[in-house]
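Here's a quick briefing on one structure. Have a look at the model first, then read on.

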Amino acid sequence: MQPNQKSESMIDQIRETADFLKKKTGLSPEAGIVLGSGLGGLVDEIEVSHTIPYKEIPNFLKSTVEGHAGKFIFGKLGGKQVVAMQGRFHYYEGYPMQKVTFPIRVMKLLGVHTLFVSNAAGGLNPAFETGDLMIIRDHINHFPEHPLRGPNLDEFGTRFPEMSEVYCKKLIGKAKRIASENKIKFQTGVYIGSPGPTLETPAEYKMFRIWGADSTGMSTVPEVIVARHSGMRCFGISVITNLTEPSEMEKPTTHEEVQEVAGQAAKKMTVIFKSLIEEL
Ligand code: HPA
């Protein structure tokens with residue numbers, strides 16, 4: 001297949017999916033939310049009007065990970081129309097990056113101008129504690145495949161997007177105020193996204209820390225790159241589910257633990273996302 005053919009069919013697929021959702025819901029959400037592993041609790045705060053399983057959406061993939069329910073949820077949060085992804089697609093599931101980030105472009109065509117992302121992450125900064133929220137101020141892309149590689153989709157954005165302020169400083173400022181007003185402890189830092197599915201070795205965690213990262217996980221970066229490419233504002237939170245200092249690594253981290261810690265912290269994250277959306 002020629003690279004250009006691929007881009008044509010990708011655009012057609014994104015349009016077809018967006019048209020399907022527009023027809024089905026009649027809605028044009030202004031905020032998109034991506035819920036990370038164990039963070040689906042935010043959905044309880046949405047006045048849901050439509051729940052659409054990914055398997056019913058044309059051109060969508062099935063989410064294969066436990067704890068990722070795999071649905072698009074349309075409704076109102078903080079008085080605004082939103083669309084939330086309960087369950088996302090990960091590179092480690094075997095999907096190409098264009099498919100991992102496909103829903104973000106669909107959101108763009110639905111009218112989403114601000115993207116809220118969340119993830120469960122390992123804490124690299126020694127000051128962090130399990131259950132902390134980290135407001136993402138920047139990221140490092142450590143995935144082997146770039147989501148914008150290949151023919152540029154000019155309909156969405158430019159060939160060489162600049163990345164000087166990926167996470168909106170204004171939203172970060174507001175989030176800090178909201179957290180303080182609600183007595184929610186927060187950290188701020190840099191997230192490094194890497195392919196997984198293995199968690200890191202002690203030497204890898206140490207390397208990420210030396211590179212300047214404060215948290216690490218297997219998602220978020222591709223979605224945010226594609227969102228920025230299309231001009232969306234982005235805001236992100238890492239929930240620190242495990243600590244990665246050598247002394248903390250004596251007891252290995254399990255997926256169940258990650259889910260459990262994330263589930264508890266989801267309530268605090270929900271307060272911040274909801275208040276930010278209210279103020280959009
Ligand atoms: N590494 C990568 N991904 C993760 C981690 C981690 O330590 N914790 C939760 N997701």
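Predicted model: local features only at pLDDT ≥ 70, side-chain atom pairs only at ≥ 80, totals over all residues.

Residues are numbered from 1 along each chain as its sequence is written, and side-chain values use heavy atoms, with hydrogens and water left out.

**Helix pair**
- Helix α4 (residues 169-181) and helix α7 (residues 255-278) have axes that come within 10 Å and cross at roughly 125°; helices are DSSP runs of H or I, at least four residues, and strands are runs of E, at least two, numbered from the N terminus.
- That makes α4 oblique to α7 (under 35 degrees is roughly parallel, over 145 roughly antiparallel, 65 to 115 roughly perpendicular, the rest oblique).
- On the α4 side the contact (heavy atoms within 4.5 Å) is made by L171, K174, A175, I178 and A179, and on the α7 side by V271, I272, S275 and L276.
- Those contact residues split into seven nonpolar, one polar and one charged.

**Ligand site**
- Around the ligand sit A120, A121, G122, L199, E200, Y205, T216, G217, M218, T241 and N242, each with a heavy atom within 4 Å of it.
- The side chain of E200 has an N or O atom 2.7 Å from a ligand nitrogen, and a polar side-chain atom of N242 is also 2.7 Å from a nitrogen atom of the ligand.
- For Y205, a side-chain N or O atom lies 2.6 Å from a ligand oxygen.

- Most residues other than glycine have a negative phi, and most peptide bonds are trans.
- G196 and P197 are joined by a cis peptide bond, with omega about 0°; P197 is in the loop between β7 (186-193) and α5 (202-211).
- K183, not a glycine, has a positive phi of about 55° and lies in the loop between α4 and β7.

Notes. Axes fitted to C-alpha atoms, helices over the stretch in contact; angles between N-to-C directions. Nonpolar A, V, L, I, M, F, W, Y, C, P; charged D, E, K, R; others polar. Polar contact = N/O pair within 3.5 Å; in protein donor to acceptor, adjacent residues only side chain to side chain.
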